[in-house]
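Welcome, and thank you for taking a look at this protein. Please open the sequence and the 3D view side by side, and we will walk through them together.

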Amino acid sequence: MKKTLCILAFHRVLPKKNKLLHDIMYAERFDKLLNLLKKYFKILPVHEAMRNLKRKGGPSRILSITFDDGYKDNAMVALPILNKHKVKATFFISSGFLYGQWMWNDGIFEVISNITKNQVQTKFDLSKFDLGSFDLSTIEMKRRALDLILEQVKYKPDKNRRKVAKDLLSAFNVPPPENLMMREDDIKTLYDAGMEIGGHTISHPILSKLSYQDAHKEIFGCKILLENVIQAPVRTFAYPNGKPVADYTEHTIEIVKKAGYQYAVSTVPETLTSSISDPYQLPRFTPWDRNPVKFTTRLLLKMLAGQR
Ligand SMILES: [Zn+2]
């Protein structure tokens with residue numbers, strides 16, 4: 001039987017369910033999911049999983065759990081659950097966020113979540129920001145508005161994305177997110193618990209939009225900083241956003257190789273077998289079903305198809 005590897009991508013793991021972010025992972029759902037996944041798969045961090053995939057013998061269904069960006073809840077909420085199930089994961093960290101920075105999309109989320117929490121606001125006019133006007137009467141409309149706004153801002157240059165987020169926060173009198181991202185100590189805690197730490201640039205830009213020099217700075221810089229924090233080599237990397245061509249290019253891959261990373265993950269949703277694996281474009285899934293049972297079943301079916 002062919003060996004297969006599936007790499008899953010997570011971001012935040014909230015302590016509780018959130019109405020506005022209904023697709024998001026939260027503690028109870030994550031606990032249930034791990035409980036199921038560990039029954040059917042050998043769960044290993046990316047670096048170890050790849051070593052295992054290439055080796056003869058050993059488990060045939062391998063799974064990696066990865067987290068992107070470096071959210072504080074990874075250390076506070078996900079880590080205790082991973083420890084409980086004795087599962088080791090990989091955390092791709094944007095090193096610039098370790099010192100109190102936050103991501104533009106979280107700034108925008110704060111604005112919408114604050115507005116909708118405090119008052120029943122039916123009209124949300126962002127036309128002066130060139131983002132249109134939204135009806136926020138129902139939770140579905142709020143979710144849709146959030147998606148549409150994020151989608152419009154995503155491919156703007158990074159400094160414009162941050163400016164939009166900052167302008168929105170101040171226009172609606174919402175304080176910027178605090179303690180949202182991990183600090184150096186949290187990274188050490190993860191590493192000491194046996195978790196793998198991987199790179200995810202410094203400031204989370206769309207790498208394909210940067211000059212060669214700027215991409216170089218982002219990719220090398222975060223590796224150097226993270227290695228300094230954990231005092232060990234950082235061998236894996238995740239491209240921000242992760243779509244080939246749109247988010248990273250051949251140049252990006254070249255820099256990632258030069259920097260000394262051994263593996264890099266994309267967000268192309270496929271399963272890996274030992275015969276198809278460009279180590280610098282490993283595919284990854286985002287759990288696409290809110291129901292852990294359905295998700296595990298689909299994953300198993302997909303893997304079985306890959307093993308044939
Ligand atoms: Zn990311």
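Two strands count as paired if DSSP finds at least two bridges between them. Helices (H or I, at least four residues) and strands (E, at least two) are DSSP runs, numbered from the N terminus. What you see is a predicted model, in which local features need pLDDT of at least 70 and side-chain atom pairs count only at pLDDT 80 or more, while totals for chains, interfaces and linings use all residues. Residues are numbered from 1 along each chain as its sequence is written, and side-chain values use heavy atoms, with hydrogens and water left out.

**Domains**

Let us begin with the overall layout. The protein is divided into domain 1 (4-99 + 181-307) and domain 2 (104-171), with bounds that come from an automatic or database domain assignment. Taken over C-alpha atoms, the centres of domain 1 and domain 2 are separated by 28 Å. Their contact (heavy atoms within 4.5 Å) takes 15 residues from domain 1 and 13 residues from domain 2.

**Strands**

Next come the strands. Strand E6 (residues 90-93) and strand E9 run parallel and are joined by four bridges. Within this pair, Phe 91 has Ile 197 of E9 as its bridge partner. Strand E9 covers residues 196-199: Glu 196 and Gly 198 point one way, Ile 197 and Gly 199 point the other way, and all are buried. Here buried means under 20% relative accessible area, exposed means over 50%, and partly exposed lies in between (1.4 Å probe, protein chains only).

Strand E1 (residues 4-10) is mostly covered, with seven of its seven residues buried. One side carries Thr 4, Cys 6, Leu 8 and Phe 10, and the other carries Leu 5, Ile 7 and Ala 9. Which strands pair with E1? Strand E5 (residues 61-69) runs parallel to E1 and is joined to it by seven bridges, with Leu 8 standing opposite Ile 65. Strand E12 (residues 272-273) runs antiparallel to E1, and two bridges join them; here Thr 4 has Thr 273 as its bridge partner.

**Helices**

| Helix | Residues | Buried residues |
|---|---|---|
| H5 | 139-154 | Lys 142, Arg 143, Ala 145, Leu 146, Ile 149, Val 153 |
| H7 | 184-192 | Asp 186, Ile 187, Leu 190 |
| H9 | 250-258 | Thr 252, Ile 253, Ile 255, Val 256 |

The expected span is 1.5 Å times one less than the number of residues. Lys 142, Arg 143, Ala 145, Leu 146, Ile 149 and Val 153 are the buried residues of H5. They cover an arc of only 160° around the axis, so they sit on the same side of H5; the arc is that of the directions from the helix axis to the C-beta atoms. Glu 140 and Arg 144 are exposed on the face of H5 turned away from this buried side.

In H7, Asp 186, Ile 187 and Leu 190 are buried. Seen down the axis, these residues fall within an arc of 100°, so they line one face of H7. Asp 185 and Asp 192 are exposed on the other side of H7. The buried residues of H7 pack against helix H3 (72-84), E6, E9 and H8. After H7 comes Gly 194, whose phi is positive, near 95°.

In H9, the buried residues are Thr 252, Ile 253, Ile 255 and Val 256. Their arc around the axis is only 160°, which puts them on the same side of H9. They pack against helix H8 (212-230), strand E10 (236-238) and strand E11 (263-265). Glu 250 and Lys 258 are the exposed residues on the face of H9 turned away from the buried side.

**The zinc ion**

Which residues coordinate the zinc ion? They are Asp 69 (OD), His 200 (NE2) and His 204 (NE2), at 2.0 to 2.2 Å. Donors are N, O and S atoms within 2.8 Å of the metal (3.2 Å for Na, K and Ca), and water is not among the atoms, so sites may look incomplete. Along the chain, the donors follow the spacing D-x130-H-x3-H. Both His 200 and His 204 are buried.

Finally, find Leu 282 in the loop between E12 and helix H10 (292-307). Leu 282 is buried, with a relative accessible area of 0%. Its C-alpha atom is separated by 9.5 Å from that of Cys 6, although Leu 282 and Cys 6 are 276 residues apart along the chain.
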